[in-house]
Amino acid sequence: MDDDDDDVPQLSAHTLAALQEFYLEQQQREGTKTSQGFNQYSVGSIEENWQLSQFWYSDETASCLANEAIVAAGKGGRIACVSAPSVYQKLKERDDKDFSVVILEYDRRFSVYGEEFIFYDYNNPLSLPENLLPHSFDIVIADPPYLSEECLQKTAETIRYLTKGKILLCTGAVMEEQAAKLLGVKICKFIPKHSRNLANEFRCYTNYASGLD
């Protein structure tokens, strides 16, 4: 048997350093959870799954979008977060909960949030529970997982079914024309940020006069 290990793949110094940084960040996050007490609603409490095209908003952006949703929904309003879990988490952190909120999400890890979690697959946009009545939400916040016309088109079906009127859409700048065509939304001045920088320019769109301009 040949003991030569020349054929064993070797990690480059750059890749190794990146891996070490990733594991260090993970250890620090776990340490923070342990030392400060675990908040199940904090953004990042459930790790991003890149295979599901999950990229969480920065804390500032999640707060801004949550505040906008509360104002737009009004007193006692109902808010639906479609594929936007970090906004849902930020809403649940609020002490002044004069609103109700649900999360429609494909990732079943979010089922830890109980009855407010609704399994959602954009491929079946109207496959929703019977108790989720049409036009029953004062505002729908949606962040389609993929930058494709098909994904936006199907997610738009869900949005139109759920909303009484108001829509807050977060997606790539490249989807502006398609978003306007499908949902009648216009691009906002506010530029959302993610906890990790994305290659694609990301924007918010609304179909009403919002505080994001």
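Visitor: Is tyrosine 88 buried or exposed?
Guide: This is a predicted model, where local features need pLDDT of at least 70, side-chain atom pairs count only at pLDDT 80 or more, and totals for chains, interfaces and linings use all residues. Residues are numbered from 1 along each chain as its sequence is written, and side-chain values use heavy atoms, with hydrogens and water left out. Buried means under 20% relative accessible area, exposed over 50%, partly exposed in between (1.4 Å probe, protein chains only). Tyrosine 88 has 0% relative accessibility, so the call is buried.

Visitor: Which helix holds tyrosine 88?
Guide: Helices (H or I, at least four residues) and strands (E, at least two) are DSSP runs, numbered from the N terminus. Helix H3 spans residues 85–93 and lies across E1, E2 and E4. Tyrosine 88 is found in H3.

Visitor: In what order do the seven strands of the open sheet come?
Guide: Two strands pair if DSSP finds at least two bridges between them. The pairing here is mixed: E4 and E5 run parallel with five bridges, while E5 and E7 are antiparallel, also over five bridges. The order reads E3-E2-E1-E4-E5-E7-E6.

Visitor: Which strands stand at the edges?
Guide: An edge strand here has a single partner, so one side of it is left without a neighbour in the sheet. That goes for E3 (117–119) and E6 (186–187).

Visitor: How many residues of E5 are buried?
Guide: E5 covers residues 163–172, and helix H2 (59–73) lies across E5, as well as across E1, E2, E4 and E7. E5 is largely enclosed by the rest of the structure. The count is seven of the 10.

Visitor: What is the bridge partner of glycine 172 in E7?
Guide: E5 and E7 pair in the antiparallel sense, and E7 takes in residues 202–206. Glycine 172 has its bridge partner at phenylalanine 202.

Visitor: Where is valine 185, and what is its relative accessible area?
Guide: Valine 185 is found in the loop between H5 (176–183) and E6. Leaving aside neighbours within four places in sequence, valine 185 is in contact (heavy atoms within 4.5 Å) with residues including Ile167, Leu169, Tyr205 and Thr206. Valine 185 is buried, and its relative accessible area is 4%.

Visitor: What separates the C-alpha atoms of valine 185 and threonine 206?
Guide: The two are 21 residues apart along the chain, and threonine 206 in E7 stands opposite lysine 186. The C-alpha separation comes to 4.8 Å.

How values were computed
Axes are lines fitted to C-alpha atoms, for helices over the stretch in contact, and angles run from 0 to 180 degrees between N-to-C directions.
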